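Colleague: I have just opened this model and would like to learn how to read it. Could you take me through some features one at a time?

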Amino acid sequence: MKKITYCEAITEALTYEMERDKSVIVYGIGVPDCKNIFGSTKGLQEKFGKDRVFDTPLSEDALTGFGIGVAMNGMRPVHIHIRADFALLAMNQIINMASAIDYISNGQLKCPMVIRIIIGRGWGQGFQHSKSLFSLFTQIPELKVIAPSNPMDVKTMLIGAIRDNSPVICFEHRWLYWQEQYVGEISNDCFLSYPNISSNSFKPILYSSVYGNTVDITLLSYSWGVVECKKAANIIWQTHGVSVDVIDLRVLSNLDIGHIHNLIKCDECIIVEDDWLNNSVGAGFLAQWIDEGYRNISYGQAVHNNIVDKHINFSRIGWKNTPCPTVRNLEDDFYYNAKDIVLKITNRLGLRVPDLSRFDIYSHENHFKGPF
């Protein structure tokens with residue numbers, strides 16, 4: 001085990017798969033330049049050559065179509081869009097072409113393509129450079145959407161995505177790139193250890209801050225939201241002795257509602273989304289929750305041999321319903337952070353508002369140096 005960053009985990013995953021499989025190529029605007037996509041493609045062109053790692057013209061639609069074409073002909077391309085906002089220029093290729101190849105060919109053709117889409121705020125990014133658009137892609141059948149929140153997950157899930165025979169969207173929040181975690185080396189039998197996304201091995205995972213016997217509230221999130229949730233959970237425990245569970249969805253398409261149901265152990269759940277709330281991933285989750293009949297949750301508490309059912313109260317946190325402002329003080333109000341989650345928890349549980357001055361509430365925009 002060694003401590004690596006989220007960015008280094010991406011590089012390790014790409015390097016391993018390119019060494020293992022010569023059909024894997026990596027391309028996109030800025031891939032081999034001096035910044036190497038925030039450092040995530042550093043050294044790849046020097047190691048694998050310009051035929052397998054290369055820059056492209058500024059033409060998102062054409063270059064996504066190129067990736068689909070080579071994927072249909074036996075390659076495994078990893079195409080990188082440095083901002084989600086500009087991936088919109090390739091939506092015809094992604095939605096009408098890549099996602100439907102298997103269906104339209106009756107399974108005779110596959111599109112094993114990974115599209116890395118970078119999201120998240122910096123400072124002064126404005127409305128053209130700060131979108132997430134998670135739910136836009138999760139609506140599409142046959143398109144798999146992942147949002148790893150830590151180095152271990154991005155390493156294993158990116159490997160799994162490259163090995164998958166379907167198109168996979170991998171959302172990477174730019175603030176995650178310097179998150180650190182101890183991650184194991186890739187072993188020779190890693191083909192079994194790192195299954196593809198199709199195997200359904202990457203279910204939602206539970207992180208618990210339980211130090212007592214009960215959980216008081218659950219936070220359900222994904223991507224950068226998980227980092228903020230963990231921080232908020234730690235603050236709530238230190239200030240109130242209240243235990244908080246954090247569920248990381250990890251895979252946003254085809255949510256396993258039954259599995260999530262089994263992870264929630266209390267009657268309060270806050271869905272924390274790094275996106276607008278209108279028709280969001282969380283909104284889709286709640287709709288599926290109702291459709292599949294999970295209106296109540298059973299705790300197994302025996303009362304005269306009967307099971308006591310308790311209703312789960314859901315609430316949500318996300319972006320303000322407006323385009324993202326460029327001015328810093330308005331931008332700070334547009335986005336939430338751990339402080340807002342703490343305030344939401346105290347409101348839901350009827351707790352006093354704690355003094356947060358002694359806590360290091362995340363301000364990662366101060367670390368972000370811009371893409372250039």
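Colleague: How many salt bridges does the count come to?

Modeller: A salt bridge here is a side-chain nitrogen of Lys or Arg within 4 Å of a carboxyl oxygen of Asp or Glu. By that rule the count comes to 14 salt bridges. Please keep in mind that this is a predicted model, where local features need pLDDT of at least 70, side-chain atom pairs count only at pLDDT 80 or more, and totals for chains, interfaces and linings use all residues. Residues are numbered from 1 along each chain as its sequence is written, and side-chain values use heavy atoms, with hydrogens and water left out.

Colleague: Which residue forms a salt bridge with Lys 131?

Modeller: That is Asp 85, with the closest N and O atoms 3.3 Å apart. Lys 131 sits in the loop between β5 and α7 (134–138) and Asp 85 in helix α4 (residues 84–87), so the pair ties together parts that are 46 residues apart in sequence. Helices (H or I, at least four residues) and strands (E, at least two) are DSSP runs, numbered from the N terminus.

Colleague: Are Lys 131 and Asp 85 buried or exposed?

Modeller: Buried means under 20% relative accessible area, exposed over 50%, and partly exposed in between (1.4 Å probe, protein chains only). Lys 131 is buried, with a relative accessible area of 19%, and Asp 85 counts as buried at 8%.

Colleague: How do I read the pair Glu 273 and Arg 316?

Modeller: Their side chains meet in a salt bridge (3.5 Å, N to O). Glu 273 lies in the loop between β12 (268–272) and α12 (281–291) and Arg 316 in strand β15 (residues 313–317), so this pair ties together parts that are 43 residues apart in sequence. Glu 273 counts as buried at 0% relative accessibility, while Arg 316 counts as partly exposed at 27%.

Colleague: What links Lys 2, Glu 12 and Lys 155?

Modeller: Those residues are linked in a network of salt bridges.

Colleague: What is the nearest side chain of opposite charge to Asp 21?

Modeller: For charge, Lys and Arg count as positive and Asp and Glu as negative; His and the chain ends are not counted. Asp 21 is buried yet has no salt bridge, and the nearest side chain of opposite charge is Arg 76, 4.0 Å away. You will find Asp 21 in the loop between α1 (6–20) and β2 (24–28). Contact means heavy atoms within 4.5 Å. Leaving aside neighbours within four places in sequence, Asp 21 is in contact with Arg 52 and Arg 76.

Colleague: In what order do the six strands form the open sheet?

Modeller: Two strands pair if DSSP finds at least two bridges between them. Six strands form an open sheet in the order β3-β2-β4-β5-β7-β6, and the pairing is parallel. At the edges are β3 (53–54) and β6 (144–146), each pairing on one side only. Strand β4 (residues 76–81) is joined to β5 (residues 114–119) by four bridges, and His 79 stands opposite Ile 115 in β5.

Colleague: Which helix packs on the sheet, touching β2, β3, β4 and β5?

Modeller: Helix α3 (residues 60–72) does, and its direction makes about 165 degrees with that of β4. Axes are lines fitted to C-alpha atoms, for helices over the stretch in contact, and angles run from 0 to 180 degrees between N-to-C directions.
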